[in-house]
Amino acid sequence: YKTFNGDGPYREMYVEPRSTAQIVSLDFDPTQANTLYMALSNGVILKTTNGGESWFFLDTIDEPIVDLQLHTTDPNKIYILTSTGMYRSDNQGEEFEKLRVAIPGNIYTGVSVTAMDVSPQDGDQVILTGVDVMIETNDGGVTWENIEIITPESNSSISAVTYSPNNRDKIQYISGTVFYSSSDGGRSWRTTELNLPARRSISSLLISRENDDIIVLGVR
């Protein structure tokens with residue numbers, strides 16, 4: 001659905017005909033406001049160049065897709081997150097390459113990668129999280145380094161992670177009902193226990209572009 005004034009009403013722009021597939025992610029081209037990419041849970045990637053009036057098929061990833069994000073300045077680069085790894089395209093989605101990502105899988109579910117974020121300051125800086133692990137790349141996924149985190153080793157997944165739009169060294173993530181924040185690239189962390197209703201879990205995390213103190217959490 002799309003609105004043209006930021007406040008509704010919303011007009012339907014796409015309907016997925018297969019009941020087995022869900023829309024899991026959308027992202028804008030950083031240079032073209034009418035160009036968007038859509039990822040479906042069954043691995044299909046679609047694109048529109050006219051603001052959603054029509055969509056065309058780009059590619060299929062042979063794994064269920066969890067997230068899709070574009071490089072913040074280079075419209076050629078697209079990152080795809082699956083439950084077990086990461087793919088990158090350098091030609092606007094015409095081809096995708098699976099990147100070498102070393103994150104161990106959950107012993108119960110087999111899922112290894114749980115969340116991704118692309119730095120607003122540098123689109124080659126990407127962070128991935130898994131079960132009790134966080135890794136980061138500064139070269140678009142060619143090489144990776146571990147970030148030391150303080151999440152208890154209880155086989156608890158990190159459900160959301162984000163960079164600050166205003167400070168590339170500020171990282172925040174959620175594991176269980178605890179909010180973790182670092183202002184020095186992960187060298188030290190502070191924690192906040194979140195008072196959530198019973199049986200609720202956090203699925204998304206967003207920091208305001210104008211003020212780092214304004215944080216929004218999406219809860220299932």
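This is a predicted model: local features need pLDDT of at least 70, side-chain atom pairs count only at pLDDT 80 or more; totals for chains, interfaces and linings use all residues.
Good morning. Let me begin with Ile-45, which, setting aside neighbours within four places in sequence, is in contact with Met-38, Phe-56, Phe-57, Leu-58, Asp-59, Ile-61, Ile-65, Leu-68, Ile-80 and Phe-96. Ile-45 belongs to strand 3, residues 44–48, and its relative accessible area is 0%, so the residue counts as buried. Its C-alpha atom is separated by 9.9 Å from that of Leu-26, 19 residues apart along the chain.

In soluble globular proteins, nonpolar side chains tend to be buried together. The largest core here has 14 residues, and the members touching the most others are Met-86, Val-101, Ile-103, Met-116, Leu-128 and Ile-135. Strand 6 (78–82), strand 9 (115–118) and strand 10 (126–129) each give two or more residues to this core. Beyond four places in sequence, Val-101 touches Met-86, Leu-128, Ile-135 and Trp-144. There is also a second, separate core of 13 residues, including Ile-127, Ile-149, Ile-158 and Tyr-180.

Finally, the aromatic rings. The whole structure contains three aromatic pairs. Tyr-14 and Trp-55 are edge-to-face, because their planes lie at 65°, with ring centres 5.9 Å apart. This pair joins distant parts of the chain, 41 residues apart: Tyr-14 precedes strand 1 (23–28), while Trp-55 sits in the loop between strand 3 and strand 4 (56–60). Tyr-14 is partly exposed at 22% relative accessibility, and Trp-55 is partly exposed at 21%.

Tyr-173 and Tyr-180, by contrast, are stacked, with 4.4 Å between centres and 5° between planes. Tyr-173 is buried at 0%, and Tyr-180 is buried at 4%. Ring pairs join these two tyrosines and Trp-189 into a cluster.

Conventions: Residues are numbered from 1 along each chain as its sequence is written. Side-chain values use heavy atoms; hydrogens and water are left out. A nonpolar core is a set of buried Ala, Val, Leu, Ile, Met, Phe, Trp, Tyr and Cys residues joined through side-chain atoms within 4.5 Å. Buried means under 20% relative accessible area, exposed over 50%, partly exposed in between (1.4 Å probe, protein chains only). Helices (H or I, at least four residues) and strands (E, at least two) are DSSP runs, numbered from the N terminus. Contact means heavy atoms within 4.5 Å. Rings of Phe, Tyr and Trp (its six-membered ring) pair if their centres lie within 6.5 Å; planes under 30 degrees apart count as stacked, over 60 as edge-to-face and the rest as tilted.
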